[in-house]
Amino acid sequence: MEHITDPRRTLPSVDQLLRWPVISAFSVQHGKTLLKEIVAEQLSHLRAEAVAFDADAFCESVQARLTAVLSPSLRQVFNLTGTVLHTNLGRAPLPEEAIEAMAAVARGASNLEFDLHTGRRGDRDAHLESWLCRLTGAEAATVVNNNAAAVLLMLNTLAKGKEVPVSRGELVEIGGAFRMPDVMQRAQCRLREVGTTNRTHLADYADAIGQRTGILMTVHTSNYKVVGFTASVPEQRLAHLAQEHGIPYAVDLGSGSLVDLSRWGLPAEPTPMASLGNGVDLVSFSGDKLLGGPQCGIIIGRRDLIDRLKKNPLKRALRCDKLTIAALEAVLRLYADPDRLAERLPSLRALSRSQTDVAAQCARLLDIVATWAGSDYSVSSEPVMGQIGSGALPIEHLHSQALIVRPVGPSKGSGSRLTALAARLRALPVPVIGRVQDASVILDCRCLEDEATFCKQLRAER
Ligand SMILES: *Cc1c(COP(=O)(O)O)cnc(C)c1O
């Protein structure tokens, strides 16, 4: 008589369930397709677990699952990690001007590749090229999906089937799977390693150049620094060497700022303008690192070389979409007025905030965070070191201030209490991402602009 006590026997069918008023009410809001999928899915869970059927619990589970499936996966978070341009958290926040520009072209048709003067087909790079040339003094410019794509395009266009001498000190991995030697291979170039990890001289490059050399290339060692007994060749001398041999010289600058950051008390980072001034033929850099714009890769330099890049079929595969172009154009327009840039560009606004200003904010938030955390934790405001991020100046630090949350009481189990606190922060409506370090959760407030939302959700949680 086993089958009579089997709870699976009493399960209603999917169609029966969809006719239940509570369940069918969900379809008014969400439609029938997803609802049917979820009802079937929940039913098969019950069948697998062989638990008794409870109508109320079933409806609740369907509703919870609907909510979970329909809530966006890609969401806004608060970046309180202390790393301003955090690759895992989407790098540069965009200015309102860029967001408006994206929304305007997203809604309908645009002149993306249409010349409004002649009425003929246009070039999508045209929206950006004049700005990039004005701001950098370059002859020409083109834009692709990211800087990794820019490097790939330069190598494949100018050195396919040829050798590219690169210093052993610059064969870098830039997070994820972007390793210079692998990119060379995918671009169908042969890497010719020159020099040593810590020292590379002009003669090393000169010896490596031959009939088969396609281009010279240097890579900004953005995410690490070789210190001590080191030598690298200045761009000016490499540019000269390349010119003597009639080969182009390209520089992957990585972050590349369009303004001198020392103006805001930040450490100076190499600029594409300086590279061009040194005689470099092509410079590539990211749009969403120090530039503070959307994800893209910018290549500036000699007109004849840029024209060759644009004719490579890979360019078609690597090109930017209209939203990126709209956002980048709006960001570049802000650079026309460098005096107001630190107010208007969110990434620079965060980078240039004084420690005093961040500390004042921490003081305002201290009680709210302490109350939210509860009596198992202590909260204090302390000076900390932050980072620019995205490989820019990896060993330079930003003086900042953070709310530091520590478990109180016995140290036993404090590790799991830290993990639990970090998880609670991530579970907030707008998740808060700090860093867990030194037996504490550190909330560096440098990038916290929407203080009202931050406070509101902590108050509501209690
Ligand atoms: C960040 C970086 C890249 C990759 O740029 P993405 O825009 O992230 O593709 C390439 N080279 C260097 C030196 C970098 O710092």
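1. The model contains an open sheet of five strands in the order β2-β10-β11-β14-β13, with mixed pairing. Strands here are DSSP runs of E of at least two residues, helices are runs of H or I of at least four, and both are numbered from the N terminus; two strands pair if DSSP finds at least two bridges between them. β2 (83-85) and β13 (435-437) each have a single partner strand and stand at the edges, so one side of each lacks a neighbour in the sheet. From one strand to the next, the twist averages 40°.

2. This is a predicted model, in which local features need pLDDT of at least 70, side-chain atom pairs count only at pLDDT 80 or more, and totals for chains, interfaces and linings use all residues. Residues are numbered from 1 along each chain as its sequence is written, and side-chain values use heavy atoms, leaving out hydrogens and water.

3. Edge strand β2 pairs with β10 (residues 377-389) in the parallel sense over two bridges. L85 has G389 as its bridge partner in β10.

4. Helix α18 (residues 355-373) lies across β10, β11 (398-407) and β14 (440-444), at about 15° to β11. Helix α19 (residues 414-426) lies across β10, β11, β13 and β14, at about 35° to β14. Angles run from 0 to 180 degrees between N-to-C directions, with axes fitted to C-alpha atoms, for helices over the stretch in contact; contact means heavy atoms within 4.5 Å.

5. A439 lies in the loop between β13 and β14 and has a positive phi of about 55° although it is not a glycine. Most residues other than glycine have a negative phi.
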